[in-house]
Amino acid sequence: MAPPSDSDDSAPIPAGAISKLLIVIAMQTEALPLVNKFHLVEAEESIFPKGAPWIRYHGNYKGLHVDLVWPGKDPVLGVDCVGTVSAALVTYASIQSLKPDLIINAGTAGGFKAKGADIGDVYLASDVAFHDRRIPIPVFDMYGIGTRKTFATPNILKELNLKVGKLSTGDSLDMSPHDESAILNNDATVKGYGVVICRLKLASLFLFFQGAAVAYVADMFSTPAIFVKAVTDIVDGEKPTAEEFLQNLVAVTAALDKAVTEVVDFISGKCISDL
């Protein structure tokens, strides 16, 4: 297979501009539209440890070298390796091998109607936290929640007019009474599916599988990270979460694809301080 070529023959990027972009995604369904959009190809040789199912696509887009990674399929069950453990591991290995200038964690999330979220809305997370790491011991409780601010991107917000919300992440698709209490304390707007959940006082987003875990690793290695999340289901709505998530996944992934493309277009040719 020939090496990937720049998709639009853009001019060389200015000195000091972002040149290496890493996109971390939990699920293949979310990843493939972006692989096609950016004309990425699957790496023929893995940069990851032997036995890891993690998949990397790479290529050049508008002066950026783009690497997109997702945790791959479970070798026994054949399903996407969702969850905070897989997200943290693949993020760690990618930072060590690829040395990105910026990370985008893109994916889907559950939204809270009470905080103004609707199906198909796309958010940039302002804060992230875990909602299911319960350690009722002083100081350890704060470590378990792991609340942290994300990398500030005021110019992206101004240019693209995206919503802003706090992200709460855990490893379960449903929401137990304990999780609900933690999310309310976290002020979350979205509940993440994949790695991180924000403990922020009624989050706007309730995510599972990735967010906070990616944030934890990125912060450890001083790598700026932003979080783009599209709402597939309404956590405080009437429909069962799993049913609504699967019903809307394909359509909402299209909205996510559009938003991430706009963010990457904005990033092209800019320095970190310009975001």
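Axes here are lines fitted to C-alpha atoms, for helices over the stretch in contact, and angles run from 0 to 180 degrees between N-to-C directions. Helices (H or I, at least four residues) and strands (E, at least two) are DSSP runs, numbered from the N terminus. This is a predicted model, where local features need pLDDT of at least 70, side-chain atom pairs count only at pLDDT 80 or more, and totals for chains, interfaces and linings use all residues. Residues are numbered from 1 along each chain as its sequence is written, and side-chain values use heavy atoms, with hydrogens and water left out.

**View 1. Helix α2 packs with helix α6.** Here α2 (residues 84-98) and α6 (residues 211-220) meet at an angle of about 30°, their axes 8 Å apart. That makes the two helices roughly parallel (angles under 35 degrees).

**View 2. Who touches whom between α2 and α6.** From α2 come Thr84, Ala87, Ala88, Thr91, Tyr92 and Ile95, and from α6 come Ala213, Val214, Val217 and Ala218 (contact means heavy atoms within 4.5 Å).

**View 3. Strand β4 sits mostly under cover.**

**View 4. β4 pairs with β1 and with β3.** Strands count as paired if DSSP finds at least two bridges between them. β1 (residues 20-25) runs parallel to β4, with 5 bridges, while β3 (residues 55-61) is antiparallel to β4 over 7 bridges. Look for Val66 of β4: Leu21 is its bridge partner, and Gly59 stands opposite Val66 too.

**View 5. The hairpin of β3 and β4.** With 2 residues between the strands, Lys62 takes a positive phi near 50°.

Notes: Parallel < 35°, antiparallel > 145°, perpendicular 65-115°, else oblique. Buried < 20%, exposed > 50% of the residue type's maximum accessible area, 1.4 Å probe, protein only.
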